[in-house]
Every structure is written in C-alpha cells, then in structure tokens.
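This report covers how the chains of one model meet. It then turns to the fold inside a chain.

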Protein chains: 4
Amino acid sequence: MQDTADRPRRPWGLWLVGARGSVATTAAVGHAALTRGLVPPTGLVTALAAFDCADLPGLDGLVLGGWDTADDPLAKRAEALQAGGVIPQGLPGAVTDALDAADERIRPGIAAEDAQRHPAEALDRLRADLVAFREDHDLERVVVVNLASTEPPMAPDPAHARADDLLTALAADRPVLSPGGLYAVAALLAGCPFVDFTPSSATALPAIAELAERAALPLAGRDGKTGETLVKTALAPMFADRALRVRSWSGMNLLGGGDGATLADPSSAASKLASKATPLEAILGYRPEGPVRIDNVPDLGDWKTAWDLITFEGFLGTRMQLQFTWQGCDSALAAPLVLDLARLTAAAHRAGRSGALDALGYFFKAPLGSDEHRLDRQFLTLIAWAAGLGEGSAPEPTGTV
Amino acid sequence: MQDTADRPRRPWGLWLVGARGSVATTAAVGHAALTRGLVPPTGLVTALAAFDCADLPGLDGLVLGGWDTADDPLAKRAEALQAGGVIPQGLPGAVTDALDAADERIRPGIAAEDAQRHPAEALDRLRADLVAFREDHDLERVVVVNLASTEPPMAPDPAHARADDLLTALAADRPVLSPGGLYAVAALLAGCPFVDFTPSSATALPAIAELAERAALPLAGRDGKTGETLVKTALAPMFADRALRVRSWSGMNLLGGGDGATLADPSSAASKLASKATPLEAILGYRPEGPVRIDNVPDLGDWKTAWDLITFEGFLGTRMQLQFTWQGCDSALAAPLVLDLARLTAAAHRAGRSGALDALGYFFKAPLGSDEHRLDRQFLTLIAWAAGLGEGSAPEPTGTV
Amino acid sequence: MQDTADRPRRPWGLWLVGARGSVATTAAVGHAALTRGLVPPTGLVTALAAFDCADLPGLDGLVLGGWDTADDPLAKRAEALQAGGVIPQGLPGAVTDALDAADERIRPGIAAEDAQRHPAEALDRLRADLVAFREDHDLERVVVVNLASTEPPMAPDPAHARADDLLTALAADRPVLSPGGLYAVAALLAGCPFVDFTPSSATALPAIAELAERAALPLAGRDGKTGETLVKTALAPMFADRALRVRSWSGMNLLGGGDGATLADPSSAASKLASKATPLEAILGYRPEGPVRIDNVPDLGDWKTAWDLITFEGFLGTRMQLQFTWQGCDSALAAPLVLDLARLTAAAHRAGRSGALDALGYFFKAPLGSDEHRLDRQFLTLIAWAAGLGEGSAPEPTGTV
Amino acid sequence: MQDTADRPRRPWGLWLVGARGSVATTAAVGHAALTRGLVPPTGLVTALAAFDCADLPGLDGLVLGGWDTADDPLAKRAEALQAGGVIPQGLPGAVTDALDAADERIRPGIAAEDAQRHPAEALDRLRADLVAFREDHDLERVVVVNLASTEPPMAPDPAHARADDLLTALAADRPVLSPGGLYAVAALLAGCPFVDFTPSSATALPAIAELAERAALPLAGRDGKTGETLVKTALAPMFADRALRVRSWSGMNLLGGGDGATLADPSSAASKLASKATPLEAILGYRPEGPVRIDNVPDLGDWKTAWDLITFEGFLGTRMQLQFTWQGCDSALAAPLVLDLARLTAAAHRAGRSGALDALGYFFKAPLGSDEHRLDRQFLTLIAWAAGLGEGSAPEPTGTV
C-alpha cells in the first residue's frame, strides 16, 4: 500500500451490522492479527500488488464498531469460532484486548418487531449511534457494512420509490422497511457510505439510491460472493466463450451454522436463491435447467459444501459433464472481503464517488448498478477503478443529507 | 460473419497432419455438416458475435486435405466415431460425399523411421504435397494444422538454433527433426502458416521461428487446451485474485482412445505433462504441491475424465477444498477449435502478421509467444486482436522463403 | 439354470402394470434379446451361478403382457429408448416381431379417475384381463409386477384393515383404492402373485396381505432398489460395523424422463422420499442429519445422477467424509430385476409360498415383511431362500380366493 | 463385555512395532482416554454389541509397550497429532501421565542396516525385550502388532521356505530378513502372537507360518484395511451380486504424513499397490481395467483422499458410472483396529488357536489364510468366530518354541 507521508491520516471507522456474528468476529480477530503482524494477508484482495497504486486507507487506522441484537462478548464468539476450526488455535487469545475494546463499541441492534412498531424512534437511535461513534473516535469517515442474517424479501410499498416519501413514511411510524432497510437509511442520514453484504433488498430500493445520491454517498452491494456463486461465475464464462451450450446446471448447497439455520426458513432462502440464479443467466444469455437447493446440515458448521452438476453440449451436439464440490468456510471467505470493501468504499467516498459503486461488483452475487457477473472481468474493472481512485484530488465530500 | 460483397473470395485450404485421426475426422464431418446447415455452430468460438467484425474467411470456401500414415477411409473413421457416441447417429451418412472427397485429398504421412533415415527426401515430398494441394484447388492460402499423436520430446541438436543450420542438416539427411518438425518445416517452405495443436516441441525451436519470420508466415501453438487445463485456467485466477493460497493441486486424467494409448507411453506423456504443469505456476506465481497423472483406460474411449483436488488456504490460514470431475469428449472439444484456428490464422496471414501469434494463446496449453494463461484474459486478448485483423488493408504476403 | 428334463414345463406369464413404460419396454426388449442369444445376461441376478440350484422357471417359456394407459406401440417406445442410449443401436430392430406380439397382449390400464368413480367395474375388467391372458396362452401361472408411475400416498380408510371390508367397499363403488391398489386386488382375485416395484402403499395394507394369504399367493415389494439407495445400503453397513458414527448423510437425486416429471410433483415425491429415508435409519440404528432431495432435470433423461455427502466421526471424534456420485440408467437397472422377480416369485408360487416374500427384500427399498436393509445380508438371505425353493415337492397351490 | 467375576484376570500386553508412529500414538492416547471414560468407543469394532459374548480381554488390563527407531517422546508426538487435527484439543494433556508411562516401556527398534549386518544379535535383543516386558509387568500374554512403515518387498531366499533353515540362516548372520521379518521371528520365539498391520511380506513366508504353528501361536495380517480398499470391498460385492460388469476401476490415493513420504518411494509403494489390487479381482472374478495410483501430497497430512472412478455395464450393455471421494484420517481409522486386533488375537491365543487367523480378514487388505475380501461376509465370519472363542475352555497354550 502506497505510503503518503505528506498527508497525515486521521483514523477511520468500520461499523458492522451484525457485529457479533461469525463473519464480523472473524473480521475483528483478523483485523487485530493483521495489524499486529501475526498473520499474512491471505484472502485480503486489496493486499494484492494490483492495488498498490490505489492509495487505500490502511488497516492500521481502522476502528471497529457496530450493532448486534445478541450480547455475548466478541472474545467468547471468537473462542467458539476457534473451537469450530474457523479461527486458528491461539489467535483469539493473542488479540483479546482488541476484541474487548471493539466489544465496548458495539451497540444494540434493532429487532424485526421494533422495525415494525417504532421505526422513527429506531432510526433516530441508529443514526445517533453512528454520529457518536464518529465523534468519539475523531474518525475521518465511517463505512457501514451490513452482515446481518438474510431477511425475507420486503413487501413492496409505494414509499420505496422516492426518498422523501420514504422519510415521511418512517417519520409517521409506518412499517415500510425491514431492519436491513432501517440500517441503510440510518447510515445515509448519518453521512456514512453503506455496503450491503447480505441479499437484503433494501439497497436496491430507488428511494435508498436517491438518498445516497442526495448525500453524495457511495452505496455498494448486495450479497457477498464467497462460495458456490464465486465458482459459478469463474466457470460459466468458460462455457460461454467456448460456445459450449450449458443444458443444465444443478446445485446443492449444504451448510450449518447460523446461516444454515436461517436459510432453513424458506422465506429467507428465497432472497438467497434469487441472487444465486441471476449470474448464470446473465453470463450465458439463457437460463439452463436445474434446481438450486440450500439445506441446513448443522454438522457442517461453517464449512459450506456445494455440489454442482453441469451438463453441456459441444460440437455436433456431443454431451459432456462437469461437476464440482466446493468445501469452503464461509466466515473465512467473507471476513477479509469485508475489510476490502471497507477500504475501497472509504477510498471512493474520499474520492467523491457517490451512488451505486458498480465497480465493486466483483464482491457480490447481485451487484448494484451492474449486469456484469463474469468474475475475471469484474476483477479487471475493479483494479482499473481502484487505480483511478488514487488519481487527482477530489474535494472531500461533506457527507450529510 | 461480415459479408464483404465487393471482394470476391477465392477458396482457401486447411491441411491437417493426422487427417484420419479422431479430431480431424470430427472436424471434417462438422465442416460438412455446418456448411450444409445440418448442425448449429456449437463449440465454434469464431461463430460468437464477438468475432462478427473480424472478417474471417468463411467455412463455405474451405477445402480440406492432409497427411496421415493410416489409410482407412474418412467415412469409415466417421462411422467408428458415430458408434463411440462422438458423432451423432446419421450425421456421417449425411455427409459421406464430402468425406469421400476430402479423403481423396489425403496424402501419406511420414513414419518416424523415414524422418530418421531420409529427412531430405521426406521434406521434399511433403512440400510438394502442399504446393500441389494449393495449385490443384486454386487456393488463396493453406493453413497447416498439426493434429498428429503426441511425440516424445526431441533430442536437442545444435541445428535447432538457426534456420540455415537446420536446412543444411536436413539437406545432408541428418536426423535432426521428428516427423512433427518435418511437417512444420515443409509447411513453412511451402508458404503455409503452421499451427501446432499437439505438445510437439518443434514449433518452439528457434530455427523454426526464424524460418517463419523469414517467410513472413504466422506460427501458432502448442497443445490444444480442451479439457482439464481449460478448467484449471478458468479456476486458477479465482484463487489468485481472491488472494487465496493454493496449497496443493492434484490431477488425475483418465482417457482411452488413440490418445490414451499414446500417453500410456511415459516418453510421450512427458511432453503432455510438461505443458499441463506450466499454466498453474504462471497464474499463481508459485508451484503448488501435487501430482498430475495421465493414465490409459481404454473403456473410457474419447471421454476423458479428469479429477482435480485443490486444497487452499484463506483468511487466518483456514483450510478449504475444491474438487472437480470433468468428463469431456476430446474430439468434440478439439475439432471446432481446429476450424477456429484455421480461420484466425488465415486471417492473420492475409493481414500480414508473421511469427508467433501470441494472441491465439486462448486455444493452447503452452502458448507460443505468451506467458498469459488466464483463460478470460486470453479471450479478451483474442477478440481485441481479431477485431484488429479486419481493419486496414495489409498487403498480401508473398509467403515463400 | 437347472435342467429338469423329466418335468415338461408349460409356459408362464409376466403381466406388467405400466407395460409401455421405460422399464417394461426395456424388459421386453431384453427378454426377447436374451432368449434369442443376442445379449449376455448382464444385470440379471438370477443368472448368477448362485441360483443354479434354485430351479427357476426359464425365460424361454415366458409370455409377456400387461396394462398401460398409454397406447403408443412397444416398438416405437423401444426406438425412443434406443435414441436415448438406454437400449443399444439395432437391438429393437432385431426383436420387432417379439415386441409387436407383446404389444398385442397389452390391455388398457385404468386412469386415476376410473379408480375413483367406478372401482367395481374397473376391478372386474382387470381381473378378467388376467384370466383371459392365462387361458388364452395356456399359462401355468402369471406373475403381476407393478411398474406404474409413483402414486401419491393413499388416504387412510377403515376398509384397508380387512379383506372383506375392502372387497365390500369396492363392490359398493367406494373410492378406497388408488389404481395401484386396484391392480393388486385384481391380481390376487385372479390367482396371480403380485409384486410391487413402485413405492405404492397398496401392498402394505393389511387387507391386501389378508387377501394374499387367503388365496395362498405370494406378495412382494416395494419400490425397486436400483440407484442411490442401492449404494447406500451397500455402504451404510461399513460404517455401522466399523463402529463409525455417521453424523450427516445428504443426498441429491437428479433425474429426467417420465420419472423425473412425476417426482417433480411433491405429493408423488413424498412416497419416494419416505422409502428412501428408512433403510439408513434401519441399518445405523439412528437417523443422521441431512436432506434427501429429488429434482427433475429433463436433460438427464433416464440417467439418474445422485450425489451423496456423508460426514462421519471416528476414533476420538475425528471427523471424516465420503461423497459419491452415481450415474445410473434407471430403466437398465430395473428391467432385469423385473425378470428376476418374475422368476423368483413364480418359483415361490410353485413351491407353495404365500404372503409377503421377505426374502426378496434384496430388490426393494421398503421390503415387505422385513426390516433388513443391509444389501449383502439381503443377498445371502435371497440365495439361501432360492436354494430352498428347489427342494421338496410342494403341492401346486390352487391360487383362487 | 462379559464380566467373568470368578476368573481373576492378570494384565496383558500389547507391544507395538513403530510405537512412536502416528497410529501407535493415537492408539496410546485412545487407550488411556477410553479406560478413563473420557471418550466413547467410536471406531472400536470389538465394542459393538455383536462381540458381547466373545469374552475378550478388557482394555483396562492392557499394558502398552513397543519398539521404535525414533526417540521423541510419545507426549510430544501426541501434541503434533493434536495440532494436525487427528487428536482433539486437550486430550493429550489429559493423559500425559499414561503416555509418559508407556514411553518408558518403548525400546529401540532396529534399523534396516542392522537387519542386514547383525541379524543374530538383533534377534536376540528383540526377543529379550519381549520377555522382559512380559516378566516385568507380570503379563498373562503379549500380542505384538507391526505398525512400522511399509517396507519394500523382500528379496526371495531359500531360507524362507522352512523354519529351521530360517533360524539357521539368521544364526549365521545371513541377511535373509527385513526388519519386519526379524520382528515377527522375535515375537514368535518369545511366545507372542504376531499381527502384521503393514503390507510387509514377512508374515506370508512359509518359514514364519511354520514357526507360528510349532509354537502354537496365532498369526494375523496383512495391511490394515482402513480407507480406499475398505470402501472398495464394501462396494464391489454390489456390482458382483447384481450381475453388473465392472469395466474399469481407477483409483487415485493422495496422502501426506509419514506414510505419504514412504509411499513416494516406488519400491515401498509396490508392496502397497499389490495388496490394493487383489481384493477387487477376488470379489469380481476378473480384473477390470484402470490404474491405482498413490501420490505424496504433504499438505493433506493424515487425511488421505482417495478418488475412485468405476465404469460399469448393465442390462443390454448400458454404460454407467460411480465415483467416490473418500477423505479419511488414516491414524484415526487404524488406531482402534489395533486395539481390536490385540483383544481378538489375545482371546484366540487364550482359546488355543494357532497359525493364520483367517477370521480376522475383516481388518486386512491381504488377509492371511483367506481369499474372502467381501467386507460384509468378512464381518459375519468375524463375529461368528469371535463368539466361538468364548465357548469351551481350551487349555492355556504354553507359547514357546
């Protein structure tokens, strides 16, 4: 990472929705371990040489905070992840102080119930939390990243179309947003860029986009691309560009952990399945046969196992097959991307970019502002865009609505 | 494909080394079936919209010929492939006349023995075959594509370093080249671009490169990327660009058919294994542990089955795995690429390009003139290069040494 | 097969429910091809040396007939299976005459509607069909095998408990049985042993069992064990007998063809899933976590692809995994078993056995009369039982109610 | 396990060749953990209800000792296995005292060199070690189990044919035996039953068998069946008994750890590959095509990964496939079997059985004295045999040559 000796840097903040979840805990342990030089930056995309010229804010100056509805301390969560093999033996113990400090900065999240009954009050409190975090720690800027559990799709509402209508409805305590939506609005009202790492539909609402534009704030999302879809979007271009016709693509996803339990609920799974189906169709130009299944197998814990069977047709109609089994640890795959997204979004904010950051599509299953799903082209777009952030000297955005 | 009504086109030729092999036979059946509208252009890369502006020579004007050491007629070979499921029922019967016509144009290949004992005589005859083919059919140009069986690596010889030394040695009947090398020299001496679809080391010799440059002829190769390596080069960038560390990558390739039998011979397999190992190291920047095996399992016939196990490390050292099983029909995968390479190389020749066509690396395991192995970037390079071929009006190359 | 020169044999019959389906058509082609010596008896369990002493009725004397609701001729169905790769090229053509003759013996099946509205009439007609078949061809006995599509589970009815109540209800045109149930009753009333190769619940009804006992007729079933469950019951004893604890066993079944379409309907799939879950629990003594899924992927046709992931625990709690992918052609796997079951059931009938033939559990996912699911022990039981059939000289059963 | 209150039991011994290796260390930790009630007997076959009536010697009374050429303490080895995930966190620490006590009883093994140069001296020392172990701990009997690394096949020697010739050759310091052979002879001369858990060829020598018979000692082996071959022998009977023709069976075994390194040496791998090929041929009655490969992939550590592809043919020649991936921890799979074999062999010794214990074939790839490789039938044989051990009251064998 480029050293800019002449521009003294203030600290900056990353505020996590679901700050005590597996991904957030892994990110917190990893952040502390990286800044103390205990681990190499494996899995951290922005540590690649391709980003050297991007002048991204360093992890050294990063302060973590967030919301969570649960209240068991981070250090305890880290031990559980250590027992499950997600975090190596001994690492949580080596960064207990950092975890305890971060833990102090976690504020209560809002329950689905509160989002329904008292949205105005909830919103005010959330916004105040962010402002306090920024001021208490004298942060140059704060990026909010949503890591909460997958929510069921929101019921459509006319207030979703325009920013003013949405704010009016919320002020009138109308239950027009899920918690995920409230977190997004709170972030934007507090002048914070918002990144949606979940399949929540909130960030796709026109009203939210309008709020972001109005506040000159970047918005990014949705649904981190960390497992089966990652592999799919690496492989599908191979078929498309070799003019091979994919006849069927079936996928079975087995996972345990909190995510497995959440997705065992069909209404939550619906959000996830929707963002899993689109990339294939976008890349191939047609929709192959075949189901995508997600099932809860508690025994697998964080190790999501996905099996995909692809049948395809080549020259003269010859039939062929590819199958793969992916066994990835979701938290370990997602956590460094959260740090990457924080750095990139903060740099975009500093560079005066606002609205949907389509160049961050590389990280998402359902990229805001982009129809490009081919993994390698997303990466090329990302590094070109990141290189552009370091150039010129955009005026600092004011960052309030 | 662009229609250039004002420039009347003469027919052009594709001369196949190994013209009665599985790939060549499949290409011949496919060429006839495509030009008669019997099948869609599945598997034909140059039929993609991305090549519309490239002004490639059409398949309609293409005349097939070639060398083979075997002499069973193409139509009979096609029936065998039909029985093996490589070519659909009924298709060979529908194009028998075209196969018989192509069969008439196949000339005897040279045995390894002849290449050893009478290279000068062999070379003269091969060169004369090509000139006769071009003249008999009034062809604008002829592209030679080597589809012969994998040869053992050639013993190094000082004559390989410079074109004149090589020609002198051959004239003196010194056995300095394998049959694959003689085919390449004959093509260049006859003014024909040469494409090596096998892992033969001949096209990598400096003397051959010099011959091509001297004759202003394009050269392309080596070793068609149609199966396990294709998948590898689609997947490996995913690991590299996500900063995931690949710890081991092991591969087992099982195949039958003629290729399986050839590769059961360790000295031939050595050539193949060498071109299979490089791409991974080039993409990752380091060489992961793990063997690559090729075994002959006659029962599998043309359906090569590859199983790869990849173990990798993510954030904080977490260990994960990906495995895939590829079951592809080698002939069906290779045959359309042979037609693609013929079209692209002919267009390059027409556009005055000479020497190693590094932009054709997309098609090869060991791309001449390029260290780029990432599949998607190879594709981007290819389409940009192809688009450039159609522009301007390069003088027609003279094409003789 | 033992030659019993001194006991001249009359022909015998096999009557198939779903006589124009894929399994029945494959059985018909295979029966003709086997008796003409065109193919070896691959897949035919009773052709193994272990059955040499069982004195089973020969395939030479077997006459095929059956019911079907479809009316496209067998020869046409055989051609479709040939095109789909289930039956080898040329074989249907070589036995067209036999197929046409069998086709003449196929009578209309009954629709679900008829079973609801006019069960008494339907039953009479079905019974008459069987009697006519036996008399027209002077058959020693007729075995009825149900190969119809999977039916949804039947609604419970008090008439299912006792034979007399069932017959009374049917006589009163009460819709107490699905078509599968009516076929079973018709068979028993006509003095024919009944084998249920589907997961239909009819053969498990106490009233049907009582009917069979009363008529001294054998009954066998249910749900042919031909794919994923076959592999499961071969593997599960390995875990049980090595004292390894299976923690999860997840399965995904993808298939096309008529079966795939039927099982895309959740109510039909329920029957199938129920018979797939039991064997594992019976063998292990506990029920491991993990879903079993069946999905329709038309592109796969008859080639059912099943992927199973098994996680297990060994000494000191160490966690391990096994996964397998099965790609089997259901019709090719089931058809010879239908011939096996016909031979074995006919021999049991001749030997005077009646009621549930628990020794035939080897062939079924939900074996009637047995809790044994371990594949190898089922096989040992089967060959011991079959050997016993040939001994002694049981009086010929009268075979009428 | 049956309680025989009226027969007070003396302790008994298990002497391990390779007592500091991964399997032995895991067995030692497990033995201590089991007797202290810290873990359930998962993976311990003799803890199954089927062995309740076999009156096997208990693990409570078992004393461990052994030979090893390495000298790092058991407790340290256990920690390494804990770090590698083979032994759960905390368990080694909970049994350190037991490990340290066992460590005291480990004596130096003999190097290959010593077996070549001074076999007579080596043999005397080994024999004395065993006698001292038995006397020092007042053991009723001592079973020796060979867990040493795989040795290259021994060069044939005339002295291998008869016991007296072998003893004479050894007395004359002729290098006729590998270390594995010397361990076996020492055990028999000391009156100890010998179990070969490695593919060593020593136990198959006629001279060794004669020694065992002469001393009325049981002999068992060879090559523990713990991974790919275990699955193979569970699956192959399914094909055989369903009359399905296996056309090819290819296997790739990848493993790290000490075993991986040993087997990277082709001469050692030869022994292992030989015992891996036989079972399939024995079960099927013919030898299918297809290679078996073993490769060293250090990254996999103790987690052996095997991929097998089986192509088979069913009714009418239809072609189908099964593939499986096994990911098992070799040490965790082998260690409990070592305890099982010790108990069963001790019971056989007590019951007066001598010579090759063919009923223990269930545990081995190359079972001494048996051609049965079908896993389930081996298990049935084992439990019947074990039940027979408890019956009657055989006179205690004297156990010396």
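The count between chain D and chain C is 2 salt bridges. One of them joins the side chains of C:Asp376 and D:Arg377, at 2.9 Å from N to O. Side chains of opposite charge can pair when their charged atoms come close. The model is a predicted one.

**Chains D and C**

Polar contacts come next. Between chain D and chain C, 18 residue pairs are in polar contact, both residues at pLDDT 80 or more. Six elements of chain D each supply at least two residues of the side that touches chain C: helix 1 (22-35), helix 10 (228-241), strand 9 (303-313), strand 10 (319-329), helix 13 (330-350) and helix 14 (375-390). Strand 10 of chain D provides the largest share, 11 residues. By class, this side of chain D holds 40 nonpolar, 13 polar and 8 charged residues.

The contact draws 61 residues from chain D and 61 residues from chain C. Together, chain D and chain C bury about 4,800 Å² between them. Carbon and sulfur atoms carry 66% of that area. Three residues stand out on the chain D side. D:Arg242, D:Phe315 and D:Leu316 supply 20% of the area that chain D buries against chain C, more than any other three residues.

Strand 10 (residues 319-329) of chain C and strand 10 of chain D run antiparallel, joined by 7 bridges. Within that pairing, C:Gln327 has D:Gln321 as its bridge partner.

**Chains B and A**

How are these two copies related?

The area buried between chain B and chain A is about 4,800 Å², with 66% of it on carbon and sulfur atoms. B:Arg242, B:Phe315 and B:Leu316 supply 20% of what chain B buries against chain A, more than any other three residues.

Chain B and chain A have 2 salt bridges between them. In one of these, the side chains of A:Arg377 and B:Asp376 meet at 2.9 Å, N to O.

Strand 10 (residues 319-329) of chain A and strand 10 of chain B pair in the antiparallel sense over 7 bridges. The bridge partner of A:Thr325 is B:Gln323, in strand 10 of chain B.

**Salt bridges**

Over all chains, the count comes to 80 salt bridges. One lies within chain A, between A:Asp129 and A:Arg125. Both residues sit in helix 6 (residues 119-136) of chain A, 4 residues apart, about one turn of the helix. The table sets this pair beside two that cross between chains.

| C:Asp376 | D:Arg377 | 2.9 Å |

Chain C has an open sheet of 7 strands in the order 3-2-1-4-5-6-11, with parallel pairing. Which strands stand at the edges? They are strand 3 (106-108) and strand 11 (355-356) of chain C. Each has a single partner strand, so one side of each is left without a neighbour in the sheet.

Further in, strand 5 (residues 194-196) of chain C runs parallel to strand 6 (residues 218-221) of chain C, and 3 bridges join them. C:Phe194 has C:Leu219 as its bridge partner in strand 6.

Note on methods:
Residues numbered from 1 in each chain as written. Chains lettered and ligands numbered in written order. Predicted model: local features only at pLDDT ≥ 70, side-chain atom pairs only at ≥ 80, totals over all residues. Heavy atoms only, no water. Contact = heavy atoms within 4.5 Å. Buried area = accessible area lost by both parts, 1.4 Å probe. Salt bridge = Lys/Arg side-chain N within 4 Å of Asp/Glu carboxyl O. Polar contact = N/O pair within 3.5 Å; in protein donor to acceptor, adjacent residues only side chain to side chain. Nonpolar A, V, L, I, M, F, W, Y, C, P; charged D, E, K, R; others polar. Pairing = 2+ DSSP bridges.
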